[in-house]
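Keep the sequence and the 3D view open while reading.

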Amino acid sequence: MLTANERNLADKAAGGAKLLVDLKNVGKVYPNGTIAVQNANLEVTEGEFLCFVGPSGCGKSTIFNMITGLTNHTEGDLSVLGTTPFQARKQNEIAFVFQEHTLLPWTNLLENVTLPLKLRGVPKKTRMEEGARVLELVGLKDYMKVLPRQLSGGMKMRVSIARALISRPKLLLMDEPFGALDEITRQTLQDELLGIWQKDKSMTVLFITHNVFEAVFLSTRVVVMTPRPGKIAEIIDIPHPFPRDEVFRTSHSFSDSVRAVSGALKH
Ligand SMILES: Nc1ncnc2c1ncn2[C@@H]1O[C@H](COP(=O)(O)OP(=O)(O)OP(=O)(O)O)[C@@H](O)[C@H]1O
């Protein structure tokens with residue numbers, strides 16, 4: 001017997017659009033009484049790139065944590081990859097990238113990026129092949145034997161992205177990954193991330209940023225949140241086609257979208 005939510009997912013799939021994440025009136029009240037998220041409704045289909053923007057403390061990370069099953073939702077219905085967040089995480093189809101690179105300092109890049117496979121008992125030969133594949137994807141294949149401390153901040157972020165990609169995730173969640181980087185490095189990584197995302201049409205990315213320019217450059221849609229208690233104020237389509245490049249960054253289409261997102265943030 002299917003629940004209403006499962007039926008809805010099946011209907012969507014039959015219609016061609018595969019629903020990956022579905023929030024229906026989702027809310028989160030922490031045990032100390034903090035209302036972090038209220039009445040959030042959002043449908044994310046396969047292959048989208050969604051950015052979340054909103055003031056500090058509006059519940060962006062809480063939404064990510066609920067989607068990944070790191071914290072439970074206290075109201076509404078939430079399904080991820082057609083199942084509960086907890087089950088979805090167990091299927092190894094979700095990966096995260098955080099602002100802090102969280103690399104193991106005592107071991108080289110190849111060992112760092114292949115760690116998720118090692119923890120799952122994947123044989124060494126496959127691990128090494130997959131490690132080489134993802135380090136090449138992020139432009140670091142010549143650095144396999146290097147230790148993290150020998151890398152710049154941008155390179156460390158590339159390693160974190162490679163480690164997330166090694167599981168070939170269907171859903172990649174990135175919580176302010178480029179927040180600590182200088183502007184030039186940040187733009188280079190934005191270009192590279194879009195390149196990786198475009199190569200894998202089925203990978204869906206959810207990305208938190210405080211930077212409206214970054215959100216517009218990367219997204220198919222931008223989710224704008226209100227101050228606490230966090231609600232989704234508006235979801236704005238960024239209609240500009242991919243691939244996107246410097247021409248887009250200086251276009252009217254770009255500034256129109258930046259204006260729309262900035263306007264929604266002020267409401
Ligand atoms: N474990 C927790 N227990 C109680 N309150 C929490 C907990 N985690 C977060 N909060 C509160 O929930 C609200 C939303 O926090 P959250 O980290 O989701 O916001 P955010 O939009 O990601 O913020 P930022 O942009 O600063 O990272 C904040 O008021 C925060 O203090």
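Q: In β4, which residue is the bridge partner of G27?
A: This is a predicted model, in which local features need pLDDT of at least 70, side-chain atom pairs count only at pLDDT 80 or more, and totals for chains, interfaces and linings use all residues. Residues are numbered from 1 along each chain as its sequence is written. Strand β1 (residues 19-29) pairs with β4 in the antiparallel sense over 5 bridges; two strands pair if DSSP finds at least two bridges between them. In β4, the partner of G27 is E75.

Q: How many helices and strands does the chain have?
A: Helices (H or I, at least four residues) and strands (E, at least two) are DSSP runs, numbered from the N terminus. On that basis the chain has 10 helices and 9 strands.

Q: What radius of gyration does the chain have?
A: The radius of gyration is taken over C-alpha atoms, and the globule rule is 2.2 Å times the number of residues to the power 0.38. For 267 residues, a compact globule would have a value near 18 Å, and the chain agrees with this. Along the principal axes, the C-alpha atoms fill a box of roughly 50 × 50 × 40 Å. The radius of gyration of the chain is 19 Å.

Q: Among contacts between residues at least 6 apart in sequence, what percentage join residues at least 24 apart?
A: Two residues are in contact if their C-beta atoms, placed from the backbone, lie within 7 Å. Among the contacts in the chain between residues at least 6 apart in sequence, the share that joins residues at least 24 apart is 70%.

Q: Why is one side of β2 and of β4 left without a neighbour in the sheet?
A: The open sheet of 3 strands has antiparallel pairing and the order β2-β1-β4. β2 (35-45) and β4 (75-80) stand at the edges, so one side of each has no neighbour in the sheet, and the reason is that each has a single partner strand.

Q: Which residue in β9 stands opposite V224?
A: β8 and β9 form a hairpin with 6 residues between them. In this pair, V224 stands opposite E234.

Q: In β8, which residue is the bridge partner of C51?
A: β3 and β8 run parallel and are joined by 4 bridges. 4 of the 5 residues of β8 are buried, so this strand is largely enclosed by the rest of the structure; a residue is buried if 20 or more other C-beta atoms, placed from the backbone, lie within 10 Å of its own, exposed if 12 or fewer, and partly exposed in between. The partner of C51 is V222.

Q: Are α4 and α5 parallel or oblique to each other?
A: The axes of α4 (residues 109-119) and α5 (residues 124-137) come within 9 Å and cross at roughly 120 degrees. Axes are lines fitted to C-alpha atoms, for helices over the stretch in contact, and angles run from 0 to 180 degrees between N-to-C directions. Angles under 35 degrees count as roughly parallel, over 145 as roughly antiparallel, 65 to 115 as roughly perpendicular and the rest as oblique. The two helices, α4 and α5, are therefore oblique.

Q: What is the angle at which α4 and α6 pack?
A: Two packed helices are described by the angle between their axes and the distance between the axes. The axes of α4 and α6 (residues 153-165) are 7 Å apart, and the angle is about 35 degrees.

Q: Is T114 buried or exposed?
A: T114 has its place in helix α4. Leaving aside neighbours within four places in sequence, T114 is in contact with R127, E130, G131 and I166. With 24 other C-beta atoms within 10 Å, T114 is buried.

Q: What distance separates the C-alpha atoms of T114 and R163?
A: These two residues, T114 and R163, are 49 residues apart along the chain. Their C-alpha atoms are separated by 6.7 Å.
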